[in-house]
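Here is a short briefing to read beside the sequence and the model. It is grouped by topic.

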Amino acid sequence: MTKNLRVKTSKFIDETYKVSFKFNGTTYYGYKGDTLASALLANDIHLVGRSFKYHRPRGIMTAGSEEPNAIVQLHNNTSRTEPNVRATEIEIYEGLEASSQNCWPSVNFDIGGINNFLSPVLPAGFYYKTFMWPASFWEKYEYFIRKSAGLGKSPTVPDPDIYEHKYIHCDVLVVGAGISGIIAAKTAAKNGFKTLLLDEKSYLGGSTIYQNSENFKISNQISSSWLEKEINEIKKIENLEIKTRTSVAAFHGYNFLLARENLTDHLPLDQRKNKTRHRLLKIRAKKVIMATGSLERPLIFDNNDRPGILLSSAIEKYANLFGVACGERNVLFTNNDSAYETAISLFQKGINIEAIVDNREEIDSKLIKETEKNNIKVYKGYTVVDTTGYKRINKISIMQLSKDGQKVMGSKVSITCDCLGISGGWTPAVHLFTQSGGKLKFRDEDQVFIPDKYPSDQISIGSCNGDFTLNEILSSIPNKLKDFLNIKKTDYENLEVYSSFNKSKRNIWLLPSDKLIGKTKPFVDYQNDATAKDIKLALREGFRSIEHVKRYTTTGMGTDQGKLGNMHALGIISETAGSKMGELGTTTFRPPYTPLTFGTIVGRNVGEYFDIFRKTPIHDWHVKNKAKFENVGQWKRAWYYPKDGEDMHEAVQRESKAARDSAGILDASTLGKIDIQGTDASEFLNRVYTNAWSKLAIGKCRYGLMLNEDGMVYDDGVTTRLDENHYIMTTTTGGAATVLGKLEDYLQTEWPELDVYLTSVTDHYATVSVCGPNSKKIVSQVIPDLDFSDENFPHMSFKNAKIGKIKCRVMRISFTGEHSYEINVQANYGKSVWEKCIEAGKEFNITPYGTETMHLLRAEKGFIIVGQDTDATMTPIDLQMDWIVSKKKYDFIGKRSLYRSDTIKEDRKQLVGLLTENPDDVLEEGAQIVADMNKSPVEMLGHVTSSYYSPNLKKSIALGVVRGGKNMMGQKLIIPMENKQINVTVADPVFLDKENKRLNA
Amino acid sequence: MFIINCPYCGEREQSEFKAGGEAHIIRPKQPTELSDDQWAEYLFMRKNIKGVQFERWVHTHGCRKWFNVVRDTSNDVIKAVYKMGEKPPTK
Ligand SMILES: [Zn+2]
């Protein structure tokens, strides 16, 4: 039953290499070199999918990346499944399995096809108009829309393939390896430029390479033979790199381009193992030559979307390159000479042509004469008004065009056919050019947009520049290249070119019909099912901007970005609205030019490389001791250490109790550390912290609060004076990098006169923090030479010491409220010092604790955590930390903002303690705080910022910010939760040891 | 992604830098003497020009130096770069 439409051998197809593949479950054969589309056509299969909205049967329309219809799902239900693959691009390989998408249950019988008959009630904007109201119904609508629409299925398991990114720097990048690109690349490379030539196809030479006609000659050779020699030559040039199957996705400013190099998609599955599948090339080129060619335009008439209707140039390519006939009874429909090229190619291959329908009435061209010589009937001045055939075109009706092209007249003529080639002229592929910021101009004579103003060092050559004929291309390129590359001559001066192509064209954006437009379906965007009727409706409803019409009708919003029909949409809008094409502008072509896989975009940044993380020098010990980790900034911090099946709560309760009862140990290595030196170091600290620093004695530590210039708390930490002009500042773990950046900013831009040097030393030191009533006993065992007496080593002071030969800095500072020491050693000694402390602490049940216990312990003491209890809207006054704001200092960062009209308001949110009525009720962090539940609307006074069950106090404690909270001490408030209300009392945020007795215990 | 010519290192990718807002806004020497309005002017008011704009940039993943950039925000063309403290080019 299936036919074989392979016509004649093509040198691009290896007929000795048979490839089997499956399409919708049936096995077919093709040859190496075939695309899925050419192999299907060779098996006489046109119907490959259903349209998005009306579920109309759709076939293969093109032979390239502009394909709107023939998109398939590969390897359904496997880890390698991929939707929206263009059948016209994918090369067949042994084992390929493709299936139609957007149809259910099958492409031949599709339930959604009923939409086609409902189409009078599915006009433009239908979804917007119908499903927007009432909003609560959206969930139900969405279910049905998603089921019947949707383009393909996403994979559900991780992608097994390897992807990578690569940077390339070159002097000249040539995009597109058609005749123009080949000439440009050779010229650039031969003149010493490091050149890169890219093409999305598997072969070089563009459409010229399969043009085997006497009608196109260069230097007396058939153009394809001439080009083949050129290609053989460029392959030998050393400073020219050529990449095929490489599609440029984006062209950004400063000649930065992204391209996807496809390395394995054409290989049999068993040959892909351990090979990179796609490579994203990040190209920075000094000069860019765009030679992206042009795309053939369809023609817009009633029922112009049936399977079996293809672009005329695609039919030519299938015949010449793949040796495949798209039909046995072919008709071509055109408004220009291109279809005659196709006709001659088909004739040479012995493929039957029933007729050519040409919009033009008076035409005089060598190509046409030659066509007619071959007894092919040409209908001049005619247009197609309708087509029939549900799953494959079987007939067209044609009528004569009026002089002005606005009407049809005379009687209808029917022509039986199984394939219709359409040609509406050519559209320069300027998508990438406009992405780069290039401005277009409209050329009236043939109704095309061509590059006008270049935003970077680039040029467009060949048909993407609107030079469509061989003569134009070869006569303009040498001078353009000489100017652009600043060279004296090229190999292509005064070439003898022969081309029988005549440029005349009769451009009619929407071809007239004998029916009212409301009764027709002239498709403009095939993938999104937008018709000329929809565009006209949008205009009647008042839309004027091309961008609005695009969104309302969804024209150009498919995966193909409307590469075929966008020009017609513009044309129909300008005709209907009575505006000029050039003034209307175009819609924006956004990257990527053709869709990219997610794998290409993420490259190697998957799994544990998705987001890099930092480990402390003690990390391995935490892992060995079964710590659970928490992400803090880029760091992995030990969160808690569950023992014997403990959950987090149980572990944290145990750790917190141990730290206060005897001894706890914390890895504090992640805290930011900035080494500050210079004769103005003290003055500098005076300016960046809210409190005074000049009088801090050498060997003493001080807690500091840093504000933004707007008065809001930015960071905090303890800074130690190591020497007269030497400090070490600690910052929060997450704030380390930004604090350093901020300090450098002020130092370089506001106070360059200060003699201060900043160095980040966060990674240089490991910090072991030992706390609890037995901490002194433990550290004095680890550092026996140091005098730990309170007289010699009081709270908030620092000592240089040695553990064996290892130098260390010991600070007696506390974030838990306990008697506590921090030992700082060179990072690579961190783990051994930690282990020494664990060893020495054994007899005191020293308990390693993580960040969760640290947070609990500090909350008991009412110490804030910047970023948890503050959120860039809290001043020190709001935090009830007035004590740390110097009244004497003339200035510091943020000082002036502390008495702006807004920051002195009494009813700002202020930090308070919260105690629950039932001591076992633990509040939820983030929960709202209110005073009166009966007021409508309920007034939100603030929210809970920190909340824990304190094992040391045996009750629930919380911190929160409350509007005017400072003056609400003892007042009752309410935390409304989903199923209950929790009553709380506003309290002092310091819950434990208000007298700080434990620091010296 | 554009290329910035760091006055200390030379041409580097934009991703090595961080933008720091409008240039030539000098922190008042005597903030306490300013009214709320004057302080707010310094603190909050920034230009957002479509066209040539004077900006601060820092070479974060490089020399960590701050410097000034004259950039046309409509097409990202950088007209000039100059060090902190230097006078902006007049044309
Ligand atoms: Zn630099």
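Predicted model: local features only at pLDDT ≥ 70, side-chain atom pairs only at ≥ 80, totals over all residues.

Residues are numbered from 1 along each chain as its sequence is written, chains are lettered from A and ligands numbered from 1 in the order in which they are written, and side-chain values use heavy atoms, with hydrogens and water left out.

**Cysteines of chain A**

- A:C464 is in no disulfide; the nearest cysteine sulfur belongs to A:C170, 17 Å away.
- A:C464 counts as buried, at 2% relative accessibility. Buried means under 20% relative accessible area, exposed over 50%, and partly exposed in between (1.4 Å probe, protein chains only).
- The sulfur of A:C808 has its closest cysteine sulfur in A:C837, at 9.4 Å, which is too far for a bond.
- A:C808 is also buried, with a relative accessible area of 3%.

**Zinc site in chain B**

- Four residues coordinate the zinc ion at 2.0 to 2.3 Å: B:C6 (SG), B:C9 (SG), B:H59 (ND1) and B:C63 (SG). Donors are N, O and S atoms within 2.8 Å of the metal (3.2 Å for Na, K and Ca); water is not among the atoms, so sites may look incomplete.
- The arrangement is tetrahedral because the four donor atoms subtend angles of 105 to 115°. Four donors count as tetrahedral if all angles lie between 85 and 135 degrees.
- Ideal angles for four tetrahedral donors are 109.5 degrees.
- The donor residues are spaced C-x2-C-x49-H-x3-C in sequence.
- B:C9 sits in the loop between β1 (3–6) and β2 (10–13) of chain B, and B:C63 in the loop between β4 (52–58) and β5 (66–72), so the pair ties together parts 54 residues apart in sequence. Strands (E, at least two residues) and helices (H or I, at least four) are DSSP runs, numbered from the N terminus.
- B:C9 is partly exposed at 28% relative accessibility, and B:C63 is partly exposed at 29%.

**Helix α12 of chain A**

- Helix α12 (residues 532–540) has these buried residues: A:A532, A:D534, A:I535, A:L537, A:A538 and A:L539.
- The buried residues of α12(A) pack against β30 (523–525), β31 (530–531), α13 (546–553) and α14 (566–577) of chain A. Contact means heavy atoms within 4.5 Å.

Terms used. Tetrahedral: all angles 85-135°; square planar, octahedral: opposite > 155°, others 65-115°. Disulfide = S-S within 2.5 Å.
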